[in-house]
Amino acid sequence: MASILVSLETGVLSITLNRPDKLNSFNPEMHQLLRQALERAYDEEAVRAVLLTGAGRAFCAGQDLSERNVSPGAAPIDLAISLGSHYNPLVRRLRELPKPVVCAVNGVAAGAGANIALACDLVVAARSASFVQAFSKIGLLPDSGGTFFLPRLVGSARAMGLALLGEKLSAEDAARWGLIWKVVDDAQLMKEALAISKNLSEGPTKGYGLIKKALYMSATNALDAQLDLERDLQRQAGFSEDYREGVAAFKEKRQPAFKGK
Ligand code: LHQ
């Protein structure tokens, strides 16, 4: 059984982490297939939004710990290698993809699984889902962008509590804290996440890519630099066909037909 399922429908590339018996934890094959799916999302014009979710009762439990040999006498594992070759490129790919990525968190999101969800642009979670910075329980620190995303999303006090205590945060609290976009009833999750993704896939894709860039750059820019960036990106947006169409549709009092160009 493939550890990643991929399908393209009406402009939405759905990617499902598919190792349910291992709570969709990451092994090298899953990393490789996810990388290929995101490359496809980048390359194919027909892909105008991505929807990431998990199969079974979990979204993703982070690294597959059953693959780590930590028995006495075993050579110590250099974790920087798997961060450098798998997790960090994955987070960069999600953030740099010039198309919106929706994450439907269907169950527990733990360790790198939680932070990969947070690396997506819009996170919708099932009411029964939860987020766990499980790293401290095994002597590690949050990775896959966790130490960057958490304080920015929920403030340093809550980020520190989540990271040090490694307790489960319910989807409802995650939404209340501003960690994610919204929480919905379990039965509504995929319907809602698909509706959001489809809506985005019919939108001004170029403009969305520029929105991502501007908002993500704001994490490290001062106001002056950000104003300059907005000027430069708005120039690009203004040259798009979709800007023309958006304004024409507004004037003609009709729905715009964006082409993502
Ligand atoms: C698992 C896992 C798992 C294997 C549950 N692996 N089997 C990457 C590499 C480089 C540097 C370091 O960082 C990283 C990134 C990381 O992600 S490190 C953090 C790795 N993840 C964790 O520490 C999470 C470990 N799992 C848990 O804390 C819990 O299982 C969660 C909170 C995810 C779910 O709890 P429960 O719903 O109570 O389920 P459970 O604990 O009973 O797990 C169900 C099964 O899944 C169980 O197997 P079993 O055979 O007993 O049914 C677990 O062993 C297995 N499982 N996570 N990551």
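**Charges over rings.** I started with Arg95, which lies over the face of Tyr216, 3.6 Å from the ring centre. I count a charge as sitting over a ring if NZ of Lys or CZ of Arg is within 6 Å of the ring centre and within 35 degrees of the ring normal. I also found the charged end of Arg152 over the ring of Phe148, at 3.7 Å from its centre.

**A note on the model.** This is a predicted model, so I kept to its limits: local features need pLDDT of at least 70, side-chain atom pairs count only at pLDDT 80 or more, and totals for chains, interfaces and linings use all residues. Residues are numbered from 1 along each chain as its sequence is written, and side-chain values use heavy atoms, with hydrogens and water left out.

**Aromatic pairs.** How many aromatic pairs does the structure hold? I found two. Rings of Phe, Tyr and Trp (its six-membered ring) pair if their centres lie within 6.5 Å; planes under 30 degrees apart are stacked, over 60 edge-to-face, and the rest tilted. Phe26 and Tyr87 are edge-to-face because their planes stand at 70 degrees, with the ring centres 5.6 Å apart. This pair links distant parts of the chain, 61 residues apart: Phe26 is in the loop between β2 (12-17) and α1 (28-43), and Tyr87 is in helix α2 (residues 79-96). For these elements, helices (H or I, at least four residues) and strands (E, at least two) are DSSP runs numbered from the N terminus.

Phe148 and Phe149 form an edge-to-face pair too, 5.9 Å centre to centre with 85 degrees between the planes.

**Buried or exposed?** I call a residue buried under 20% relative accessible area, exposed over 50%, and partly exposed in between (1.4 Å probe, protein chains only). Phe26 is buried at 1%, and Tyr87 is buried at 2%. In the other pair, Phe149 is buried at 5%, while Phe148 is partly exposed at 31%.

**Cysteines.** How many disulfides are there? With a disulfide taken as a pair of cysteine sulfur atoms within 2.5 Å, I get zero. For Cys103, the nearest cysteine sulfur is that of Cys120, 4.3 Å away, and Cys103 is in no disulfide. Cys103 is buried, with a relative accessible area of 0%. Cys120 is likewise in no disulfide, and Cys120 is buried at 3%.

**Last check.** I looked up Val70, in the loop between β4 (58-60) and α2. Val70 counts as exposed, at 70% relative accessibility.
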